[in-house]
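These are my notebook entries on one structure, written down as I looked things up. I kept each entry to a single topic.

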Amino acid sequence: MQSPLLERFTTPAEGIHAGGRITADDLPALRAAGIRHVIDLTPDSETPGFDEAGAVRAAGMGYDNLPIAGPDDLDREAVVAFDQLLRAADGPTLVHCASGNRVGALAALRAAWLQGADADAAVEEGRRWGLRGLEDAVRERLAR
């Protein structure tokens, strides 16, 4: 039976949950639900009152941060780093930003640039991960 907390997130790939912001109050339930690693795509400035890295590690989970502030950060270097973090994650992983939109944008670009998907298939993959408002920025990058 899936944790009610995990129902807030999509499951775009086996062992991967994707979505929006988490809080310190979510961490015990995430750990209890089997999450072993958190990949945070938000810059620290978005949550100045929350030391997510420290809180996640104190809860017994691994943590990585790849700050994506907006469309200008959606480049090949970020996509390669995102792919490496996903590949290196040890166990069930939660990847998140504020809403899931940046997660989906990186997933779409990863599908195209690293996995060979065409633009439409890449965008569809991104939508499975949470892509919404950044779709135009993703399509612009894929058309280059």
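**Entry 1: the model.** Before anything else I noted that this is a predicted model.

**Entry 2: the sheet as a whole.** I asked myself in what order the strands of the sheet lie. I found an open sheet of 5 strands in the order E1-E2-E5-E3-E4, and the pairing in it is mixed. I then looked at the edges, where strand E1 (10-13) and strand E4 (62-65) each have a single partner strand, so one side of each is left without a neighbour in the sheet. From one strand to the next, I noted a twist that averages 25°. As a reminder to myself, strands of a sheet pair through backbone hydrogen bonds, in either the parallel or the antiparallel sense.

**Entry 3: pairing, strand by strand.** I began with E1 and E2, which pair in the antiparallel sense over 2 bridges, and there I found threonine 10 opposite alanine 18 in E2. The hairpin of E1 and E2 has 2 residues between the strands, and in this hairpin glycine 15 takes a positive phi near 80°.

Next I followed E2 to E5, a parallel pair with 4 bridges. Here isoleucine 16 has threonine 93 in E5 as its bridge partner, while glycine 19 stands opposite histidine 96 in E5.

I went on to E3 and E5, which run parallel and are joined by 4 bridges; in this pair aspartate 40 stands opposite histidine 96 in E5.

**Entry 4: which way the side chains point.** In a regular strand the side chains alternate between the two faces of the sheet, and I wanted to see how two of the strands here compare with that. In E2, Ile16 and Ala18 point one way and His17 and Gly19 the other way, and all are buried. In E5, I found Thr93 and Val95 pointing one way, with Leu94 and His96 pointing the other way, and all of these are buried too.

**Entry 5: helices on the sheet and on each other.** I saw that H5 lies across E1, E2 and strand E5 (93-96), and that H5 runs at about 140° to E1.

Then I turned to H3 and H4 and asked at what angle they pack. The angle is about 95°, and their axes are 9 Å apart. Angles of 65 to 115 degrees count as roughly perpendicular, and H3 and H4 are therefore roughly perpendicular to each other. On the H3 side I listed Arg76, Ala78, Val79, Phe82, Asp83 and Leu86, which meet Val103, Leu106, Ala107, Leu109, Arg110 and Trp113 in H4. Sorted by class, this contact of H3 with H4 has 9 nonpolar, no polar and 3 charged residues.

Entry 6: The largest nonpolar core has 30 residues, of which Leu41, Phe82, Val95, Leu106, Trp129 and Val138 touch the most other members. Strand E2 (16-19), helix H3 (76-88), helix H4 (101-113), helix H5 (119-129) and helix H6 (135-143) each supply at least two residues of this core, and H4 gives the most, with 8 residues. I also noted a second, separate core of 13 residues, which includes Leu5, Leu27, Leu30 and Tyr63.

**Entry 7: glutamate 135.** The place of glutamate 135 is in helix H6. I noted a relative accessible area of 17% for glutamate 135, and buried means under 20%, so glutamate 135 is buried. Leaving aside its neighbours within four places in sequence, glutamate 135 is in contact with Val123 and Arg127. From glycine 54, glutamate 135 is 81 residues apart in sequence and 32 Å apart in space, taken C-alpha to C-alpha.

Notes
Residues are numbered from 1 along each chain as its sequence is written. This is a predicted model: local features need pLDDT of at least 70, side-chain atom pairs count only at pLDDT 80 or more; totals for chains, interfaces and linings use all residues. Side-chain values use heavy atoms; hydrogens and water are left out. A nonpolar core is a set of buried Ala, Val, Leu, Ile, Met, Phe, Trp, Tyr and Cys residues joined through side-chain atoms within 4.5 Å. Buried means under 20% relative accessible area, exposed over 50%, partly exposed in between (1.4 Å probe, protein chains only). Two strands pair if DSSP finds at least two bridges between them. Axes are lines fitted to C-alpha atoms, for helices over the stretch in contact, and angles run from 0 to 180 degrees between N-to-C directions. Contact means heavy atoms within 4.5 Å. Angles under 35 degrees count as roughly parallel, over 145 as roughly antiparallel, 65 to 115 as roughly perpendicular and the rest as oblique. Ala, Val, Leu, Ile, Met, Phe, Trp, Tyr, Cys and Pro count as nonpolar, Asp, Glu, Lys and Arg as charged, and the others, Gly among them, as polar.
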